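Reader: I'm new to this one and would like a close look at a single part. Could you pick a spot and talk me through what surrounds it, then carry on to the ring pairs?

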Amino acid sequence: MNDITMRMNADKYILSALQEDITSEDITTNSVMRESKAGAVELICKEDGIICGLEVFGRVFELLDESTRFDCTVKDGDEVKKGQKLGVIYGDIRVLLSGERTALNYLQRMSGIATYTRSVVELLKGTKTKLLDTRKTTPNMRIFEKYAVKVGGGCNHRYNLSDGILLKDNHIGAAGGVKQAVMMAKEYAPFVRKIEIEVEDLDMLKEALEAGADIIMLDNMSVEDMKKAVELTAGRAQTECSGNVTKENIARLTDIGVDFISSGALTHSAPILDLSMKNLHAV
């Protein structure tokens, strides 16, 4: 996440998070720190994992005081170990105290997603299948959570509803059927847009192929039917399987031969990575 991306897209969300945590003042900090005093605090890892969100972490403090400095010894995507010192934040002690929780919330959440994603990607090694995320993200956290999936080695599905066409069961119902939905999407959408459609059985698959869908999502189908679906598709469209995919059950899908596996669990079920700010002192 570069500086331009941060300023144009992320800053407004970080500021909103800070405003949520500090509606008028940090009364605790202000009661013990009546004036500015330079200080430093260490960022410590408390469990093994993949670190992600370091620029966001540092940006929290910069938005409170642009003179704050974060000297980091690791980068996003690095493996970190329990007890490892990841860096030191320098600045006004009041800023370090007031920004601590918001900064850690971002870093722990993003690192947890990257760590979980990496563990799932490892299970797909040796296959042609790519791991995708979904739109099942925390409101106002999508830019951070989808970035964390990429850092963990996964791929992003569409970012939002303006980013791509995915005809799901209710869209098909609204259109009056698979063929009608694909035809209407082709008529409406720019020719550069691929059309993906969700199917639940082999009859729907055949109809989607005949209609010329570009990507077919095999939703909550049995492993046996998904294998048949890949055979029937025979390269005429890309295939994606979806439906309650987690680290615990993805192994059953690795030899089906689909192009993509999407998993909402990457963003909605990943546990945080435990991190802490310790040893605050004046400098």
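Author: Let's start with a word we'll need: contact means heavy atoms within 4.5 Å. This is a predicted model, where local features need pLDDT of at least 70, side-chain atom pairs count only at pLDDT 80 or more, and totals for chains, interfaces and linings use all residues. Residues are numbered from 1 along each chain as its sequence is written, and side-chain values use heavy atoms, with hydrogens and water left out.

Our spot is Asp-259, in the loop between β10 (238–242) and β11 (260–262); strands are DSSP runs of E, at least two residues, and helices are runs of H or I, at least four, numbered from the N terminus. Setting aside neighbours within four places in sequence, Asp-259 is in contact with Lys-128, Thr-129, Lys-130, Ala-237, Gln-238 and Thr-239. With Lys-128, Asp-259 makes a side-chain to side-chain polar contact at 3.4 Å (N or O atoms within 3.5 Å, one able to donate a hydrogen and the other to accept it; residues adjacent in sequence count only if both atoms are side-chain atoms). Asp-259 counts as buried because its relative accessible area is 19%, and buried means under 20%, exposed over 50%, partly exposed in between (1.4 Å probe, protein chains only).

Now the rings. Phe-57 and Phe-61 sit four residues apart in helix α3 (residues 54–64), about one turn of the helix. Both Phe-57 and Phe-61 are buried. Elsewhere, ring pairs join Tyr-13, Tyr-106 and Phe-144 into a cluster; rings of Phe, Tyr and Trp (its six-membered ring) pair if their centres lie within 6.5 Å, with planes under 30 degrees apart stacked, over 60 edge-to-face and the rest tilted.
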